[in-house]
Amino acid sequence: MSKDMVRQNGKWEFNYEVASCFNDMLSRSIPLYEIMRKLSNNLAGEYAIPNTPILDIGCSLGGAIRELNDDFELSNTFIGIDNSMDMILEAKKNFKNRTNMMFIRHDLREGLPEIPAPSVVLSILTLQFIPVEYRQKLIKEIFNALREDGAFIFVEKVLGNSAEHEETFTKLYYQLKEENGYSYEDIKRKRYNLEGVLVPSSTEWNCEMLRTAGFRKIDIFWKWLNFCGWIAIK
Ligand SMILES: C[S@@+](CC[C@H](N)C(=O)[O-])C[C@H]1O[C@@H](n2cnc3c(N)ncnc32)[C@H](O)[C@@H]1O
């Protein structure tokens, strides 16, 4: 696994350089990363119905579905969607011997592509990169696409409920990144790169979008300061 040495100028891009070190970047940038992965995997395993598709939107290198496939050896088709050609090419390379895994380059601003009804949809740290005005429509499409009783597993960076909490959570998050080996300069540069690209909403607003889309049972399964994971059942 290559070490994350990415230094971008201008707006953040999911390019070849990022794809090459993405696993290291995620493991050092996402708090409680292994726990989040394990929980979303285990939940997906609970709801995956044999012989149905599992869809991962904003799949990057397919890390979420790879672990699912390894853990459960389910008789499912795994479909990963991402608009970064570099991510899709790298994902295809990583899984070239897996006949039940498929990666599609697609821009989620155009909605979901047509696929047979999935029993599980994963969105792990993806919606935060889709402009706010597309998010409700996309969640509604996910709801419509899912089978009855299907699960949406949804992880996002979130805003604190007050300016004070936002500031404190962000400070502690940057502290964690320093502990994980990022320099003050790295953290500051990435913060500027991500401005206007990664746009988080509040926990409540995300929850409201799930309710508005029609999800009946909604719970938070993972939370660390300004990161949150939900499971929502159709
Ligand atoms: C933080 S990464 C997701 C990590 C991944 N879900 C995982 O669990 O390893 C966000 C991904 O969303 C993708 N993305 C951003 N905007 C998108 C869009 N409009 N359509 C499709 N994918 C998009 C990016 O290319 C990137 O790979």
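These notebook entries record what I looked up in a predicted model.

**Ground rules.** I number residues from 1 along each chain as its sequence is written. In this predicted model, local features need pLDDT of at least 70 and side-chain atom pairs count only at pLDDT 80 or more, while totals for chains, interfaces and linings use all residues.

**α3 and α4.** I began with a helix pair. Helices here are DSSP runs (H or I, at least four residues) and strands are runs of E (at least two), numbered from the N terminus. Helix α3 spans residues 33–47 and helix α4 spans residues 63–72. Their axes lie 10 Å apart, at an angle of about 60°. So α3 is oblique to α4. (Angles under 35 degrees are roughly parallel, over 145 roughly antiparallel, 65 to 115 roughly perpendicular, and the rest oblique.) I noted a right-handed crossing for α3 and α4. From α3, the contact takes R37, S40, N41, A44 and G45; from α4, it takes A64, E67, L68, D71 and F72. Contact means C-beta atoms, placed from the backbone, within 7 Å. I sorted the residues of this contact into four nonpolar, three polar and three charged. (Ala, Val, Leu, Ile, Met, Phe, Trp, Tyr, Cys and Pro count as nonpolar; Asp, Glu, Lys and Arg as charged; the others, Gly among them, as polar.)

**What is buried in α4?** I found A64, I65, R66 and L68 buried there. (Buried means 20 or more other C-beta atoms within 10 Å of a residue's own, exposed 12 or fewer, partly exposed in between.) Their cover includes α3 and the strands β1 (53–57), β2 (77–82), β3 (101–105) and β4 (120–124).

**α6 and α9.** Next I looked at helix α6 (residues 132–145) and helix α9 (residues 203–213). Their axes come within 9 Å and cross at roughly 45°. They are therefore oblique to each other. I logged this crossing as right-handed too. R135, Q136, I139, K140 and F143 of α6 meet M209, L210, T212 and A213 of α9. The contact holds five nonpolar, two polar and two charged residues.

**The ligand.** I counted 19 residues around the ligand, the closest being G58, N83, S84, L108 and I124. (A residue is near if its C-beta atom, placed from the backbone, lies within 6 Å.) This shell divides into 10 nonpolar, six polar and three charged residues.

**Positive phi.** L32 is not a glycine, yet its phi is near 50°. I located L32 in the loop between α2 (22–29) and α3. L32 is partly exposed because it has 15 C-beta neighbours inside 10 Å. N51, also not a glycine, has a phi of about 70°. N51 sits in the loop between α3 and β1.

**Is N51 buried or exposed?** I found N51 exposed, with 11 other C-beta atoms within 10 Å.

Technical notes. Axes fitted to C-alpha atoms, helices over the stretch in contact; angles between N-to-C directions. Left-handed = near helix turned anticlockwise from the far one by under 90°. Contact = placed C-beta atoms within 7 Å.
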